[in-house]
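Here are a few notes to read with the model open beside you. Take them one at a time and find each residue as you go.

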Amino acid sequence: MSTASPPPVIVQAADEGRRLDAFLVKAFPEYSRARLQRWIAEGQVRVDGLWLSAAKRLRPGQRIQLHIPPPPPMGLLPEALPFELLFEDEDLLVVNKAAGMVVHPGAGNPRGTLANALLQHVQDAPHLSEAFRLGIVHRLDKETSGVLLVAKNESTLASLQRAFANRVVKKTYWALAWGCPPREGSFHTLYGRSPHNRLKFTARLKRGRQAVTHFRVLRQYSKLCQLELGLETGRTHQIRVHMSEAGFPLLGDKLYGGSQKNKSLHLQRQALHAWKIAFEHPRTKRALLFEAPLPEDLRTEAEAWEASETSPLP
């Protein structure tokens with residue numbers, strides 16, 4: 001299996017003479033320069049179909065394709081961990097991920113992840129084995145709950161990756177945010193890793209990738225509101241960043257919540273839930289819609305704020 005690679009980028013006149021590695025840093029700010037240089041050396045970057053060195057100077061009109069290689073095997077082991085399954089057939093699974101569960105093993109989280117649990121669930125399908133972790137088509141932050149798609153074979157994985165890249169998968173989130181934006185609207189911004197804090201992302205950039213978030217107010221209170229949010233792009237932390245930098249940080253967000261990060265009534269995580277997902281089944285072409293019910297901790301938090309209001313706005 002291979003991970004999803006971004007679409008090709010074309011060198012513009014403003015980038016004439018720029019080094020290949022410097023161009024990639026600008027075009028793909030979510031990856032470090034060292035990683036991009038390693039991928040260049042490994043032949044994962046092609047310029048007009050050719051391998052070039054990191055120091056090669058570029059010309060306008062050149063077409064650059066970045067192929068993101070699969071991560072090295074991590075000794076993924078099946079584990080009998082509980083998780084909620086919303087749907088399963090021979091091609092894919094739809095999971096309701098619990099808040100606090102990491103999707104993939106990584107530094108600090110070698111076991112106890114959703115990938116470990118899913119491998120146990122499908123251990124009778126030996127062709128998945130070590131590579132199964134790559135069948136998870138998209139990601140959710142550790143503390144974000146909700147619906148997640150998992151491919152059970154390579155053709156399904158490739159088809160769903162194309163659907164995400166072409167923005168035909170409709171993802172809808174639920175959130176509680178401090179303050180309240182207009183009744184509905186959108187954020188259209190550039191996006192990338194923060195130059196001041198490598199753990200954070202930002203839309204306050206002069207160069208970066210496009211990020212688009214749509215929002216609609218579901219319920220407004222004196223201090224916060226319930227929101228429905230739709231993603232056109234799936235950048236890391238996108239909703240959290242867009243809401244925070246617009247002045248409406250998510251309730252309980254320890255990274256982007258600023259002075260409001262610990263002021264929830266009961267919640268121990270950011271108030272963000274992947275609520276619904278709509279897509280076309282890769283094989284049957286049937287339109288599918290799945291909804292992950294709002295978990296108890298978010299329901300309790302919303303009910304507590306509603307109970308605290310003497311006259312909540314309609």
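1. Start with helix H6: Leu-298, Glu-301, Ala-302, Ala-304 and Trp-305 are buried there (buried is under 20% relative accessible area, exposed over 50%, partly exposed in between, with a 1.4 Å probe and protein chains only). They share one side of H6, because they cover an arc of only 155° around the axis, taken from the directions from the helix axis to the C-beta atoms. Over on the other side, Glu-296, Glu-303 and Ala-307 are exposed.

2. A word on where this comes from: the model is predicted, with local features needing pLDDT of at least 70 and side-chain atom pairs counting only at pLDDT 80 or more, while totals for chains, interfaces and linings use all residues. Residues are numbered from 1 along each chain as its sequence is written, and side-chain values use heavy atoms, leaving out hydrogens and water.

3. What do the buried residues of H6 pack against? Their partners are strands S6, S7 (170-178), S11 (224-231) and S12 (272-280). Helices (H or I, at least four residues) and strands (E, at least two) are DSSP runs, numbered from the N terminus.

4. Now look at the largest nonpolar core, which has 47 residues; such a core is a set of buried Ala, Val, Leu, Ile, Met, Phe, Trp, Tyr and Cys residues joined through side-chain atoms within 4.5 Å. Met-243 and Phe-279 touch the most other members. Strand S6 (residues 145-151) gives the most to this core, five residues. A second, separate core has 18 residues, including Phe-28 and Ile-64.

Notes
Contact = heavy atoms within 4.5 Å.
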